[in-house]
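This report describes a few side chains and their surroundings. Please look at the sequence and the structure before reading on.

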Amino acid sequence: MALSDPTITVLLCMAAYLGGSVLFALPVCRLWALPDPRAQGSGNPGATNVYRTGGWLPALTTLALDAAKGWLPVWLAYNAGLSPLVQAIVALCAVTGHMVPVFYRFKGGKGVATALGAGLALAPITTLIMTALWLLVLWRWKISALASVVAIVSGPAISAFIDPANLPMFGLLAILIIVRHRDNLIRLAQGREIGF
């Protein structure tokens, strides 16, 4: 018997949150015998902070794994024929899992890489434009938080022109990630944000 849409939605949201709750920076750092990223640099368990202590290879591994946990549930929701709004909610659950992970006392990361994966699953062109913008800002100012905020804020505007159906996802992700970066935004305004 086929599962109903509400059942699939609930299962995917739960799986997205639980998968998002796996902070891949921690096992990657253990694999490379690196210090816990939560006790180093910015204290964020994400690819940028892993790069500060371990270099490009563990950072890219962390990025790929964190992106994959955003990509997979959204791809499943898309292929299940669920609406763009439901796909956006599934993406939100994955990113929320990374930010407030149940496996780590609800203390997680910023969710940018997980949002990247979710975006690539559903709207690759919009997401690649946002990624190019992130790289440009990072190259110019060498501050990952600034690049992330600029890229995520641009998401809804880019989506509105290229693929309006996915505007709910980019809008929800932008709100969530900007709120999560509030401390970074304060430090940016004060000129105290950590660079690359």
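In which helix is the place of Leu 26? Leu 26 belongs to helix α2, which covers residues 25-31. The model is a predicted one.

## Surroundings of Leu 26

Leu 26 has a relative accessible area of 5% and is therefore buried, as the cut-off for buried is under 20%. Leaving aside residues up to four places away in sequence, Leu 26 touches Asp 36, Pro 37, Arg 38, Pro 45 and Tyr 104.

One of these contacts is Pro 45. Leu 26 and Pro 45 are separated by 19 residues in sequence, and their C-alpha atoms are 7.1 Å apart in space.

## Aromatic pairs

Two aromatic pairs are found in the structure. In the pair of Tyr 51 and Trp 56, the ring centres are 4.5 Å apart and the planes stand at 50°, so this pair is tilted. Tyr 51 is partly exposed, at 25% relative accessibility, while Trp 56 has a relative accessible area of 51% and is exposed.

Trp 71 and Trp 75 form a stacked aromatic pair, with 5.5 Å from centre to centre and 20° between the planes. Both residues lie in helix α4 (residues 56-79), where Trp 71 and Trp 75 are four residues apart, about one turn of the helix. Trp 71 is partly exposed at 35% relative accessibility, and Trp 75 is partly exposed with a relative accessible area of 34%.

## A charge over a ring

Arg 140 places its charged end over the ring of Trp 141. The distance from that charged end to the centre of the Trp 141 ring is 4.9 Å.

Technical notes:
Residues numbered from 1 in each chain as written. Predicted model: local features only at pLDDT ≥ 70, side-chain atom pairs only at ≥ 80, totals over all residues. Heavy atoms only, no water. Helix = DSSP H or I, 4+ residues; strand = E, 2+ residues; numbered from the N terminus. Buried < 20%, exposed > 50% of the residue type's maximum accessible area, 1.4 Å probe, protein only. Contact = heavy atoms within 4.5 Å. Phe/Tyr/Trp six-rings, centres within 6.5 Å; stacked < 30°, edge-to-face > 60°. Lys NZ or Arg CZ within 6 Å of the ring centre and 35° of its normal.
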